[in-house]
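Let's take a walk through this structure together. Have the sequence and the 3D view ready.

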Amino acid sequence: MADKARLPLAPFLVPCVVLAVVFAAALGEVLGYSFRTFIPGSLDVGGFTLENFARIGKPIYARVLRDTFWLSFLTALFTLLLSYPVAFAIVRARRPWLRGLLIVLAITPMFTGEIVRTYSWMLVLGTNGFVNALLGGLGLIAAPIQFMYRSIGVVIALVQFSMPVMIVILATALTHIDVDYEKAAANLGAPPSRVFLAVTLPLSVPGIVSGFIVIFAWTMSAFSTPQLIGGGKVLMISNMVYLQGLSSFNFPFAAVLSLVALVAALGTLSLAAPLTKAIERRAALH
Amino acid sequence: MPPRIAAGLRRGSFWSAVSLILVFMTLPAVVVFVTSLSASPILRFPPQSLSLRWYEQALTYRDFREAFANGLIITAFASTIALVVGTAFAYLIERYRFPGKGLIELVLSSPLIVPHFTTGFGFLLLGARLGLARSFVVVVAAHVTLVLPFVARSVYVSLRNLDPNLERSAANLGAPPVQVLLKVTLPLLAPGMIGGWLVAGVLSFTEFTASLYVTAFRTQNLPVAMYAYIRENTDPTIAAISALLILGTTGLMLLANWLVGLERMLNIGDHR
Amino acid sequence: MSGLEERLAGSRGVVALDRVSRAFGAIVAVNDVSLAIEPGEFLTLLGPSGCGKTTLLNLIAGFLEPSAGTIRIGGRDVGHLPPHLRGTGMVFQNYALFPHMNVFDNVAFGLRMRRRRRAEVARLVGHALAMVALDGFESRRVRQLSGGQQQRVALARAIVIEPEVLLLDEPLSALDKNLRGQMQVELKALQRALGITTVFVTHDQSEALSMSDRIVVLDRGRIQQIATPVALYNRPANGFVASFIGEINHLRGALRRTAEGTFFEPGEGQRLVLPGSLLERCEGRDEAHLFVRPEHLAVVDESDAANVLSGTVETHVYQGTHTQLHAAVPGCGSIQVRVSGGDVITRYPAGAPVRIRFDLGEALLLPEEGAG
């Protein structure tokens, strides 16, 4: 279009650049602090050092890192298993009201905020919580099951946290699978279970992989759930950052841990694209 | 087994499984509501008697009231600034090409990936350096950064769906570029903008992790105040305020859905 | 007549394109086009998809800048003027009515951009809507309108601003056949009444023939011919135009020059006498392409007249007023003959032998089949 026919670039660009610079500066601060010496008992920091990075290698922190990966993996796995049927139901629901209802039920919990959701799981999983009261009341257990302050409680809550996002990703992937493929398979004699296993499931693999990786990366950043339900016994990177940063006021080390978390998240997500492409190529999908 | 019965069983078991999973997903919210109505300060199921005292407690507790007010201020500023910058960002990405476009896109979309505690911590440090430690400015800045990608996405989707002939027609009829923007483009983007604004507002109001780092007691928002309360107390006041939050945010999200259509924004349609 | 019609009738809406080209990367969409549009003329840009007709329209409107050449409207060089300053009024294929405004606000939009006063705007809008037979529709919302009604509102919106030239981008293509025919008549009548210079884009050659004062035939960015509908139909400049406009038979054959005259031989033992008037473009050629319209062929009973070839009936296409008879003639392929009357199928059933006389007075003889 002729130049006089377009709006100038600057009014759109400037606010974006300003915000980008501010955010970059914030991350830059984290980076900067990671190289400074911690002065115990003070918020001031000393000179340039690499000792904060060296500290990461210590067994206690390596274990936190490992636990974070493991819990994220478990969460992603169970989230996938539980989300797939719901996503399938949403996409294949014949009646619009049903689909709308399913979407509302599945997705709006995402917006109530993590503190509300974590607290509500405390009510469900606590020693006097809903589950124990129900099972005890029905006479199925003799003593309360201990969910709190253990990994299993944290994972259960994290799974429910992550399901809305996984459902959206899977539903999007399933939406793009042409129903005609399934009809063709059925027409050729495949019973519904085979249609699913041979047609639908393979075609949804890119969505499965993508969803798994997204939830994995997302869960590594989880905070309030391990903080409240883990209660200091289940430590993920986020909790470590909090301890170091806002309890010990060791900003430099907290900065290093924050960077490690960021790199881990970025690294995981950057796997997603090539991995999905490799799978698509292997399965000869378009 | 006759095929029709098999099909029926299959369908039945599928929907049973889905229902159970949905129960799992909605159970916590239900438990919160039930707990909030219990008369006893000790958590027990089922509640022996019902009462609204915890609602009264929640609504009169000073820290919650102040935190609620703080949250409104922060959210009002953050979501509105995010709306303006987010709309500019969406327009920029959709309509212009320039060196460094990819970089800007990456930086402003990255809050989706960067852990909230990293972002929060970074703004805490930045605020300290600039002498603004834990002021409202820093909190708002952090929130704008966090919710911007959602606003931008909502506006971007609306922009992509806009018929280009509408803007061409306006120009052809004599509207200079600014008039085209004001009289045609923005009015048609309004649903996407308002939907994005609502989503941004809800996300900002309920944001916890980053807020924990950038707020002080004076500026804390509601989730942070709730966290402080949970650490000290075990009574169901939190259940009451949680119940109120669930109702409020769900209502707003339904409104945003009606305006923009979350289904379309998230690209889950009826593909038959 | 109102002031609007008087003003439009007197407009010097001359559009002049001088060697205009537009390329998109390696693809040249409009190639060296020169064109002068007379004031008050209804000019059609006609061609298959991808021929550049819409690109050309967008160049005139200002949505694209030319890669080369100049564009003048009313004598002014507008090449670097943005669309809102060009003084054209455009109707888009999908109408592009503003969905968030009602009919009145849509039609008033251009007037308000020109800062006309409220009373004047109301008057002009009311008059424009009356001209397109939509009085009383002012407060309707766009989604309440049918396709035909939307098209009229789009038209009213474009003419109310009294543009120097009206640009129509396939405005009737979304309408069903009956409505389309009706709109063609109404549109032409409106244009006549207003006397406004109009550029009309279509791929439908019968639409172009029925509405235009002149037609510009385009193929792959180049002008093939500019002529009135009658001239285009009867004297196509090349094989492309001949094949694109109306139905035509295309024969390839050898030219044999003898003392008795020049003959066209499409196959063994077949021979057609060529009138001298056909020969000028094929001087010195041994082979040529012959183009003959189906209505210049006739099914005859005489066996020994000149220019009669024998063939076998393949199929019939009944059109109501006439029947198109398809016959296989050795050396010529499938020949279409227009036969009037409804009993063609019984008179000349499929498989029956048939004799076809060629009246070559209006035929076209070309050295190549494509663009000349």
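Predicted model: local features only at pLDDT ≥ 70, side-chain atom pairs only at ≥ 80, totals over all residues.

Start with chain C, where six strands make an open sheet. Reading across, the order is β6-β7-β8-β3-β9-β10, and the pairing is mixed. At the edges sit β6 (88–91) and β10 (222–227) of chain C, each of which pairs on one side only. Going from one strand to the next, the twist averages 20°.

Now zoom in on one pair. Strand β3 (residues 42–46) and strand β8 (residues 197–202) of chain C run parallel, with five bridges joining them. Look for C:L46 there: its bridge partner in β8(C) is C:T202.

## The nonpolar cores

The largest nonpolar core has 162 residues. Those touching the most other members are A:A87, B:A82, B:V144, B:V147, B:L148 and B:V151. Which helix gives the most to this core? That's α7 (residues 151–175) of chain A, with 16 residues.

Pick out B:A82 and check its neighbours. Leaving aside residues up to four places away in sequence, B:A82 touches B:V144, B:V147, B:L148, B:V151 and B:A200. Another core, of 107 residues, lies apart from the largest one, and its members include C:A29, C:V160, C:L166 and C:V201.

## Where chain C meets chain B

Chain C puts 18 residues into its contact with chain B, and chain B puts in 16 residues. On the chain C side, the elements giving two or more residues are β6 and α3 (103–113). What kinds of residues make up that side of chain C? You'll find 10 nonpolar, six polar and two charged.

Note on methods
Residues numbered from 1 in each chain as written. Chains lettered and ligands numbered in written order. Pairing = 2+ DSSP bridges. Helix = DSSP H or I, 4+ residues; strand = E, 2+ residues; numbered from the N terminus. Axes fitted to C-alpha atoms, helices over the stretch in contact; angles between N-to-C directions. Core = buried A, V, L, I, M, F, W, Y, C linked by C-beta atoms within 7 Å. Buried ≥ 20, exposed ≤ 12 C-beta atoms within 10 Å, placed from the backbone. Contact = placed C-beta atoms within 7 Å. Nonpolar A, V, L, I, M, F, W, Y, C, P; charged D, E, K, R; others polar.
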